[in-house]
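Subject: Model handover

Hi,

Here is the model I promised to pass on. Please look it over, then read the notes below.

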Amino acid sequence: MKKLLSTLLSLMMLLVLLPTCVSAQEDTIDWSKYTAEEIALIQEQMHSNPEFDINDGEIVSISKKRLSVDEDTPKTRGAIGDAYMDLTVYVQRIAASSKYDTFKLQAVAEWKKTPAYQFEDALAIAWGDNFSQYSGSCSTYYKGKGLMTGMASRTDETADSGMAYTFPARYGPMHPLDKVIVTAYVRKADSTGETTAVAKYAHATVSLVAGISVGINGTNISFSAAGLLDTMANSLYFEY
């Protein structure tokens, strides 16, 4: 009983301290460099994204979209509804050697409502201007389980333009996918320019024997499968 009480007390203290830590972190940020919309999105990531750290560097661009931008998607496929998913993508400048422009690119797909079909999904991120990826990862979070490692498989990688992962939309019979985070660390020789980062999500609405195939050509991301796919995409512009 004493051990149980001690565990419960520790959990309560963690819940009390977490908001305080986030609040203290917010106090150290120079918010004047961001617009009101950017501030709202940054604060949202600080509170909901376990892999977001404002101390890693300045957020140079951030965007959240709830509507598909795939206007030319074949009619046999559909857009993921605005009540179902948030897809956020941001670019963060990382302090590194003065010889390089170094950025953290992250795509965060969060299911706001559990989809009816839970088979296989995919999330890809791509970028322009020949930034070279030197590190990348995909984290999958399931309702009732949290972070589950080893669930994502890297299905496509183009070192100078993007990468993609596939993962099950459900863990076991009772734990649907909650959130997926794809992170890419990229860099190039110090220079000046402007480019885009693109994130795209695919959700299978039928069971797929062969799985989802992902193709990356520059900032163009394409999905194909022997079945129906719903999709959502988001993109943003950034300077370096």
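Start with L41. Leaving aside neighbours within four places in sequence, L41 is in contact with I62, S63 and K64 (contact means heavy atoms within 4.5 Å). L41 sits in helix α2, residues 36-48. L41 counts as buried because its relative accessibility is 10%. The classes are buried under 20% relative accessible area, exposed over 50% and partly exposed in between, with a 1.4 Å probe and protein chains only. Helices and strands are DSSP runs numbered from the N terminus: H or I of at least four residues for helices, E of at least two for strands.

On provenance: this is a predicted model, in which local features need pLDDT of at least 70, side-chain atom pairs count only at pLDDT 80 or more, and totals for chains, interfaces and linings use all residues. Residues are numbered from 1 along each chain as its sequence is written, and side-chain values use heavy atoms, with hydrogens and water left out.

The whole chain

The chain has two helices and 15 strands. Of its 240 residues, 43% count as buried. Take the contacts between residues at least 6 apart in sequence: 74% of them join residues at least 24 apart. The chain exposes about 12300 Å², and carbon and sulfur atoms supply 53% of that. Accessible areas come from the Shrake-Rupley method with a 1.4 Å probe; for residues, only the protein chains shown count as cover.

The cavity

How many cavities of 30 Å³ or more are there? The count comes to one. A cavity is a set of points, on a 1 Å grid over the protein atoms alone, where a 1.4 Å probe fits but cannot get out; lining residues have an atom within 4 Å of a point. Grid points are joined across faces, edges and corners, and a volume is the space filled by probe spheres set on the points.

The largest cavity has a volume of about 50 Å³. Its lining is E44, Q45, S48, K64, D86, T88, V108, E110 and K179. The elements that give two or more residues to this lining are α2, β3 (85-93) and β4 (100-111). Helix α2 gives the largest share, three residues. K64 is in this lining and is also a contact of L41.

T195 is in strand β12, residues 194-204. T195 counts as buried because its relative accessibility is 8%. Not counting residues up to four places away in sequence, T195 touches G128, D129, F131, L236, Y237, F238 and Y240. A polar atom of the T195 side chain lies 3.4 Å from the backbone nitrogen of G128.

D129 is in the loop between β5 (120-127) and β6 (132-142). N130 is found in that loop too. Most residues other than glycine have a negative phi. D129 has a positive phi, near 65°. N130 also has a positive phi, of about 60°. D129 is partly exposed, at 31% relative accessible area. N130 is exposed, at 58%.

Best wishes

Terms used:
Polar contact = N/O pair within 3.5 Å; in protein donor to acceptor, adjacent residues only side chain to side chain. 1 Å grid on protein atoms, 1.4 Å probe; cavity = no way out; pocket = protein on both sides within 12 Å on 5 of 7 lines; lining within 4 Å.
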